[in-house]
Amino acid sequence: MDFDFLFRNFADLTITGLALGSVYALVALGYTMVYGVLQLINFAHSEVFMYGTMAAAFAVIALGGAATTSTGAAIGMLLVALVAAMLVSGGVALLVERFAYRPLLNRNAPKLVALISAIGMSFFLAEAMGLRDKITAWFGLDDNLEPYVGRARNVVPLPDVVDPVGVFDIGGYTVTSIDLLVIGGALVMMVGVDQFIRRSRLGRGIRSVAQDPESAALMGVNSTRVVQLTFLIGGLMAGAAAFLYILRIGATRYDVGFILGVKAFTAAVLGGIGNLRGALAGGLILGVAENWGSAVFGTQWKDVVAFVLLVLILMFRPTGLLGEALGKARA
Amino acid sequence: MSRPNTFARLGAVAAVAALVLSACGTTEDKTPSAGTSNGGPACGEKLAFMGALTGPAAGLGIAAVNGAELAVDQYNEKHADCKVEFVKSDSQSDPKQAPGVAKSLIDDDAVIGVVGPLFSGESEAADPLFNEAGMPLITASATKPTLSEQGWTVFHRILGNDETQGPQVAKVLTDIAKATKPYTISDDSAYGQFLTGATDSALGDALVGHDKIATGQTDFQATVTKVLDADADAVFFGGYYPEGELLIKQLRAGGWKGTFVVPDGVKDNEYIKVAGAAAEGTLVTCPCVPGDTIAAFADAYRAKFNEDPGTYGPEAYDAANVFLAGIESGINERSAMNDFVTNYDGEGVSKHVAFDEHGESAEIPIWAYKVEDGKYVALKQLA
Amino acid sequence: MSTATTQPRRTFGQRIEAMPRWVKVAAMVLLALFFYALPVLEPPFISTKGSDFGAVMFSVATYALVALGLNIVVGYAGLLDLGYVGFYAIGAYTVGVLTSEHAHWPFLLVVPIAVVAAMVSGIILGAPTLRVRGDYLAIVTLGFGEIIRLVANNTPWLGEAAGINQIGRPPNVTLFDVPHLDWSTGSPLVDLNDKTTFLKFGISDQIPYYWLALTVVIIVLFADRLIKDSRVGRAWEATREDEDAAELMGVPTFKFKLLAFAMGAFVGGLSGALYASKAAFINPESFVLILSILFVAAVVVGGQGNRWGVIVGAALVAYLPERFRGFEEWRILVFGLALMLLATFRPEGLIPPRRTVRARQMEQEIEALEEGEEL
């Protein structure tokens, strides 16, 4: 157990952990909101995230991004990539709601069955991305779409349009522009969503359905629309997370959703499922804990850290760190 | 009222079943044509390749299967009326799928030999089945040394194993990379762990640190921190290209400037494509010969596949040719083929092909390569 | 006006129930014999081409065993367990470690140890977590399943990622050979070249393993029946339907939940032990999270709470991907789609438990009454 290493590189590990955790936090938002409103674990949310990463990568490839792109053009491309990721993720989230959940919710099926349906859709979506070369070949489009389809199950790189620029130093670690972008961007998004839920009319609708669906319906809230909106917001946030993720890691795979989804879900539970600020806290804490754990125990134990943390919290504080549910948010 | 009806129905079903089964006869004993045919090449035989044709490791699998396929095509051109069928079995190099794939090859009586399995992990799972069934195999890429120590009479390896590669990696680190502070990273595969372990032993006290990552991992930040903290000037990564390409990208993004050294598991065009600029200057060790320098082979390969030969292409080509030589001499059953392979002694494009009593290759060239301008360039033969 | 003597049409299930006991027993025996003979019969449409049919049948049998165990946890006691693969892995690794990695004990001796190990782990996991609410239990079990796999992946003592190979097998008792049927000419012919030795547990022929697994499944079915119809089964039903009411009525719900968990772990460990021996090689990749999810899917799709339903579900989950191996690459995509469709159009499962069928019939009757229709 190498505590020395941890203390020597504390700033480095903590800040990069926060960056990783920001991605977890944004994805966790989707899980926590759907759970707050429907008491359902949205298993397909991991694929919503993955599609976002692909959209961001494809956008930059389509715009001809390369290491030689000028900074201004690069920033423009990245903005397009961000928007693309958010739109695609939002769209996929709506599809998930429409096809995996709504038919079952309308029939009052048990929650476990809805879970299975979401799992099926998750497999379907991931495989569809992994088989995109075969699917486009079927339509005869594979030549035109070659750069996006390639050998479909391979790693899809984000072209190196940005060079991370060191901005300032903390405790021996040079914080780069990408680190700032990821952490800052995530914070802005989270605050935005938090304010939206608390202040806006639509946000009140979401909270009311989370609190008591029947009374909300009596009060004239259209619960179908609310559910759709919940999924959409979760999807948009996942898309933002996808963009930040691919910026940091530099590449994506068709199966990247799964493990990240499980971790993000862990983060949501850690912070208190149904609680938005809990998702933020949980994500950041998880990201940092994983890095610290890797440092002390060895990188191969990274994932174990996440799950042990989860099990411990649930045993000693089952409602999570921040506890409150979506419905009980103070207005 | 319903009981007699149900009874009658059950009885009827039973009667029909009895009728059908009574039509049973016995198949004539289907003996395969015994031993060798009259001096000419054996016809109707199949040669199989087993490895990852899809999935994350497919790059290496496709490079190898193409080499073997080229050999089969050339053979079939010469023997147009007595062709050999080439069976490509996709195991995704997954040890879980390997036994099932192996079994289906074993069950196909016409399959007389296997080029593969591609990776060491799947070999550990599938070779016991091949051994029990007496199916001769020549692997052109599985390099874990313990594979030849299990007592499998059907096992043959046409390239060097990691016990010989390990010390060569250490030499590359110290002599070519001129590293004073080498660091090693292994993945969790059978191949990566053994090779990195062998390298660590060869480096001895010079090694400044070691880390382990998991297959499928994408975020290597903690590892980057460790490398920077150890102030390593060279890093050896024992593993495969899906992880290697992301690792080097993140190392460079983290500001690390040292030399990256990788083994044959990373030597694939995907690595260069994904890692992009970060891949420049990477040193590679490989018990494989540079295919593009073997003129006849390289030209024929390019003519057929429209690209340069990949890693293990020449080795798979040689392996297939051993089997094809056996078929040409008239062998059409497995134990005779196994004897033929074990006793084979001839020239291949990658080396002089012969196997020792454990199935290991008698000649084991190891080469060093470098990534320059987005391509693998052969530096020198190390052994 | 309908006449008073018109009876409602009886369902297939009711007609089976109404048959005399000896007919039911005879039918069961015939059915069992058919399943024992199935891999030898190799019927044309059912037999799998690209994979070894015996191995696929073994896979079906182990999944059925797992489904039965998980059915106790999810279907009878109503506890959502998303980490069932952990028990499966503990059974498998115990066998691996004790017959190959660190000792060479005989397989039959190690199986009870493996099962006990799984059960103990079930109790250890259950004791602190079963007090927690439903959905949280699901997450904790998910975490537990992953922790087991990751520990196996990173512990040299357990073989790390390379796994354990050459795992011990049940003792061979070579008695006679059973020839397979060959259908390639259209009608069944006995193929004397394709034989299964009774009982040789080799590597290439998996059928004796299948017979062993099938026997275990039958034994567990009997045990399941006995338990479900006893006081324990009723306590589970009470706990599942309304835990607070059950507590008020004096049912020690926590103890029974723990018992369900332990029994589920028992069966899971047993299945894992059999799998390890048949596969002869295990590594952490054999016990990924997806497998837990597949197990749950098998139980839910088949009909949670109905032992026959979950067996059908397990058969589907294990068999279909192998049967359509020709469509290799599309397997998982089609499987995901199938899960979605099955869940959407048949949420109660393929063979729902009788209480669900009764409940639905009651609903229909009440609806009919409300609509003013004649009964």
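At 5% relative accessibility, C82(B) counts as buried, where buried means under 20% relative accessible area, exposed over 50% and partly exposed in between, computed with a 1.4 Å probe on protein chains only. The model is a predicted one, in which local features need pLDDT of at least 70 and side-chain atom pairs count only at pLDDT 80 or more, while totals for chains, interfaces and linings use all residues. Residues are numbered from 1 along each chain as its sequence is written, chains are lettered from A and ligands numbered from 1 in the order in which they are written, and side-chain values use heavy atoms, with hydrogens and water left out.

C82(B) forms a disulfide with C43(B), and the two sulfur atoms are 1.8 Å apart; a disulfide is a pair of cysteine sulfur atoms within 2.5 Å. C43(B) lies in the loop between strand 1 (25–26) and strand 2 (46–51) of chain B, and C82(B) in the loop between helix 2 (58–78) and strand 3 (85–90) of chain B, so the pair ties together parts that are 39 residues apart in sequence. Helices (H or I, at least four residues) and strands (E, at least two) are DSSP runs, numbered from the N terminus. C43(B) is partly exposed, at a relative accessible area of 46%. The torsion about the S-S bond of this pair is about -120°, so the disulfide is left-handed.

Over all chains, the structure holds two disulfides. C286(B) and C288(B) form a disulfide with sulfur atoms 2.0 Å apart, and both cysteines are buried. Here the torsion about the S-S bond is about 125°, so the disulfide is right-handed.

Chain B is divided into domain 1 (7–161 + 290–365) and domain 2 (162–286), with bounds from an automatic or database domain assignment. Their C-alpha centres lie 32 Å apart. The two domains bury about 1300 Å² between them, 52% of it on carbon and sulfur atoms; buried area is the accessible area (1.4 Å probe) that two parts lose on being put together, summed over both. L60(B), N161(B) and T311(B) supply 32% of the area that domain 1 buries against domain 2, more than any other three residues.

Finally, strand 14 (residues 367–372) and strand 15 (residues 375–381) of chain B run antiparallel and are joined by six bridges; two strands pair if DSSP finds at least two bridges between them. Y369(B) has A378(B) in strand 15 as its bridge partner. The hairpin of these strands has two residues between them, and D373(B) takes a positive phi near 55°.
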